[in-house]
Amino acid sequence: AEPVPTAIVGAGHLGQALANYQNLDLQGFPVRGIFDTNPKLIGLEIRGQPVRDMDDLEKVIAGEKIKIAILTVPAAHAQAVVDRLVDAGIVGIFNFAPTDLKVPDDVAVRNERLAVGIMSLSFKVKCILESQEAGVGEM
């Protein structure tokens, strides 16, 4: 399969961790742009890719033919960023922002809710521990 150039928007802890995850490359999703608004992060290199200013978003997406964006921005900024991504030609968004996004029908969104996932796991762990404690009392 052809590699699908990918962007990461939001270069905080999660964005940096994803940028460092070399399996994205190996699976055919090479990171060709990393973006943030924080002046302290702009210019930082992650696996050979500099973190770029959001002002460069559209230019880099066009130049690198980026089709997928991984979104790790705060919820309050997510929709405004997504509107720019869609206008720039992004057709797939992997959304780590804890908010629902409005996109046209020809744009795919996958929501990855880390907090929801850990809450669900926590509930299962609590049930297991409770049943173990109940079992111990019967001995």
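**Chat about salt bridges, cores and surface**

Me: Lys59, buried or exposed?
Reply: Lys59 counts as exposed, because its relative accessibility is 60%. Buried means under 20% relative accessible area, exposed over 50% and partly exposed in between (1.4 Å probe, protein chains only). Bear in mind that this is a predicted model: local features need pLDDT of at least 70, side-chain atom pairs count only at pLDDT 80 or more, and totals for chains, interfaces and linings use all residues. Residues are numbered from 1 along each chain as its sequence is written, and side-chain values use heavy atoms, with hydrogens and water left out.

Me: Which side chain does Lys59 meet in a salt bridge?
Reply: That of Asp56, at 3.7 Å from N to O. The term means a side-chain nitrogen of Lys or Arg within 4 Å of a carboxyl oxygen of Asp or Glu. Asp56 itself is partly exposed, at 25% relative accessibility.

Me: How many salt bridges does that rule give?
Reply: The count comes to six. Another one joins the side chains of Asp100 and Arg113 at 2.9 Å, N to O. That pair links distant parts of the chain, 13 residues apart: Asp100 is in the loop between β6 (92-95) and β7 (108-111), and Arg113 is in the loop between β7 and α5. Helices (H or I, at least four residues) and strands (E, at least two) are DSSP runs, numbered from the N terminus.

Me: And how exposed are those two, Asp100 and Arg113?
Reply: Asp100 is exposed at 59%, while Arg113 is partly exposed at 24%.

Me: OK, switching to the inside. Which residues have the most contacts in the largest nonpolar core?
Reply: Val9, Phe35, Leu57, Leu71, Leu85, Ile90 and Ile93, in a core of 21 residues. β1 (6-9), α3, β5 (68-71) and α4 (75-87) each supply at least two of its residues, and α4 gives the most, with five. A nonpolar core here is a set of buried Ala, Val, Leu, Ile, Met, Phe, Trp, Tyr and Cys residues joined through side-chain atoms within 4.5 Å. There is also a second, separate core of 12 residues, which includes Ala19, Leu24, Ile46 and Phe96.

Me: What about Val86, buried or exposed?
Reply: Buried, with a relative accessible area of 18%. Val86 is found in helix α4. Leaving aside neighbours within four places in sequence, Val86 is in contact (heavy atoms within 4.5 Å) with Ile93, Val103, Pro104 and Val107.

Me: Last topic, confidence. Which element has the lowest mean pLDDT?
Reply: α5, at 83, while helix α3 (residues 57-64) has the highest, at 98. pLDDT is the predictor's confidence in each residue, from 0 to 100. Over the protein chain the mean is 93, and 97% of residues reach 70 or more.

Me: Where is Ile118 found?
Reply: In that same helix α5, residues 114-137. Ile118 is exposed, at 55% relative accessibility.
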